[in-house]
Amino acid sequence: MDPATPATTLPARAYHDPDWYATERHAVFAAEWQLAGFRAHLRRPGDMVTYDVAGWSVLVVVGDDGALRAFHNVCRHRAGPICTAAQGHASALVCGYHGWVYGLDGRLQRARDFGADLDADALGLVPVAVDEWRGLVFVRIATTGPALADALGTLAARCGDQPIESLTYGHRLEHTVEANWKTYTDNYGEGYHVPFVHPGLHRQIDAREYRVTVHDGWAEHAAPARDGAIATGLWLWRHPNLGLNLSTEGMNVERWVPEGPRRTRITYDFFFADVSAGTDAARAEVERFGVEVLDEDRRVCEAVQRNLESGVYDTGRLSPRHEQGVLAFQTRIRDAVRGYESAASGPSDGSRSSASEFTQ
């Protein structure tokens, strides 16, 4: 494509159509490694965290041997949840519905009040791929795919000089945006909107020099900071829904996860280089500023979502100068959806629209 020629956006239907979302769950969220938690919460045997992504609930636990294991958070009896908390600790995995008990290795240990013998090996929890990178724990729903190290690509090298492991976990904030997760990602992928949406951020950076550099499945955002700015450091995005915001104060790990075609859960996990009492005010300001920017993004994304569903707008054009990050993201979505639709077995019966119709 001529770099001076605006590219066409995804069509509006891609942001609210249930069939598109159903395809996207498998083509994007099952296929990609997803950040599910942190080693800060997974240290001792029995420590566990849960992660819900696009309709799947995943349980990550530290085994008796100290190794990480991940499973679908679904009992093999009648689909009850094994763990309902975001994190916890237990010596065994017990379904809260009927009390089936699994070991930390996922193997069925006891089925309460079952007289007949059951095949424990055949009725273990369904495993999920799990791996970690520098204290960040990832899972992959799909049973096949690239290793985490390969999936991260050159992002790992870009973070090589960052002291990620030395940071101390602070706390988590969760928010909801009433918009499709791609509406939020598109917004995250460019600085074109900064002068009009983020007055506080605009005062801290030179938005005229805001640049997004696209790499292999990730992008780096950069803008010259003004004196006294909080918004400094590395702003990194990894496909499809992970933001790593690194600064001298620490790190804000941002995830935006779909809860359906029209709702997105935003999670901020804060890590800090210094958590002593003397830094309370500085840490509070980092958090305040992050939430201020998020609230501004929420308002504009929800307004955009309403317009995408209004029937007035179908496709738009992307700025060759400002929206290369958005183009890279939307191109990957198009390719993933097309690939999944092509690989799906069996002809369509014509009863519903396939997502690939919307990528032409």
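This is a predicted model: local features need pLDDT of at least 70, side-chain atom pairs count only at pLDDT 80 or more; totals for chains, interfaces and linings use all residues.
**Entry 1. The start of helix α4**

Asparagine 180 caps the N-terminal end of α4. I found one of its side-chain oxygens 2.8 Å from the backbone nitrogen of lysine 182.

I then asked how many residues of α4 are buried.

**Entry 2**

Next I traced an open sheet of 7 strands. Their order is β2-β11-β10-β5-β4-β3-β6, and the pairing is antiparallel. Which strands stand at the edges? They are β2 (34-38) and β6 (87-89), each of which pairs on one side only. On average, neighbouring strands of this sheet are turned by 30° against each other, direction ignored.

I also recorded what packs on the sheet. Helix α1 (residues 18-30) does so, touching β2, β3 (47-53), β4 (56-62) and β11. The direction of α1 makes about 25° with that of β4.

Leucine 35 has phenylalanine 138 in β11 as its bridge partner.

**Entry 3. Strand β3 and its two partners**

I turned to β3, where 6 of the 7 residues are buried. Towards β6, the antiparallel pairing extends over 3 bridges. Towards β4, I counted 6 bridges, again with antiparallel strands.

The hairpin of β3 and β4 has 2 residues between the strands. In this hairpin I noted that alanine 54 takes a positive phi near 50°.

**Entry 4. Alanine 30**

Alanine 30 is found in helix α1. Is alanine 30 buried or exposed? Its relative accessible area is 6%, and residues under 20% count as buried, so alanine 30 is buried. Leaving aside neighbours within four places in sequence, I listed its contacts as Arg25, Trp56, Arg140, Ile141 and Ala142.

I also compared alanine 30 with arginine 78. The two are 48 residues apart in sequence, and their C-alpha atoms are 23 Å apart in space.

**Entry 5. Serine 319**

I located serine 319 in the loop between β19 (317-318) and α8 (324-343). With a relative accessible area of 14%, serine 319 is buried. A polar atom of the serine 319 side chain lies 3.0 Å from the backbone nitrogen of histidine 322. Not counting residues up to four places away in sequence, serine 319 touches Tyr192 and Gln324.

**Entry 6. Helix α8 and the cores**

I checked the length of α8 against expectation. At 1.5 Å a residue, the 20 residues of α8 should span 28 Å. The end C-alpha atoms are 28 Å apart, so the two values agree.

Which residues of α8 are buried? They are Gly325, Val326, Leu327, Phe329, Gln330, Ile333, Arg334 and Val337. These buried residues pack against β1 (7-8), α1, α4, β13 (211-214), β15 (234-238) and β19. As a general point, an α-helix has 3.6 residues a turn, so residues three or four places apart point the same way.

Beyond its neighbours within four places in sequence, isoleucine 333 is in contact with Leu10, Trp20, Glu24, Val28, Trp181, Lys182 and His239. The largest nonpolar core has 57 residues, of which Val60, Tyr184 and Ile333 touch the most other members. Apart from that core lies another, of 21 residues, including Phe138, Leu244, Leu246 and Phe271.

**Entry 7. The sheet of three strands**

Finally, I looked up an open sheet of 3 strands, in the order β7-β8-β9 with antiparallel pairing. Why is one side of β7 and of β9 left without a neighbour in the sheet? β7 (93-94) and β9 (108-110) stand at the edges with a single partner strand each, so one side of each has no neighbour there.

Between β8 (residues 101-102) and β9 I recorded 2 bridges, the strands running antiparallel. Tyrosine 102 stands opposite leucine 108 in β9.

Note on methods
Residues are numbered from 1 along each chain as its sequence is written. Side-chain values use heavy atoms; hydrogens and water are left out. Buried means under 20% relative accessible area, exposed over 50%, partly exposed in between (1.4 Å probe, protein chains only). Helices (H or I, at least four residues) and strands (E, at least two) are DSSP runs, numbered from the N terminus. A polar contact is a pair of N or O atoms within 3.5 Å; within protein, one must be able to donate a hydrogen and the other to accept it, and residues adjacent in sequence count only if both atoms are side-chain atoms. Two strands pair if DSSP finds at least two bridges between them. Axes are lines fitted to C-alpha atoms, for helices over the stretch in contact, and angles run from 0 to 180 degrees between N-to-C directions. Contact means heavy atoms within 4.5 Å. A nonpolar core is a set of buried Ala, Val, Leu, Ile, Met, Phe, Trp, Tyr and Cys residues joined through side-chain atoms within 4.5 Å. The expected span of a helix is 1.5 Å times one less than its number of residues.
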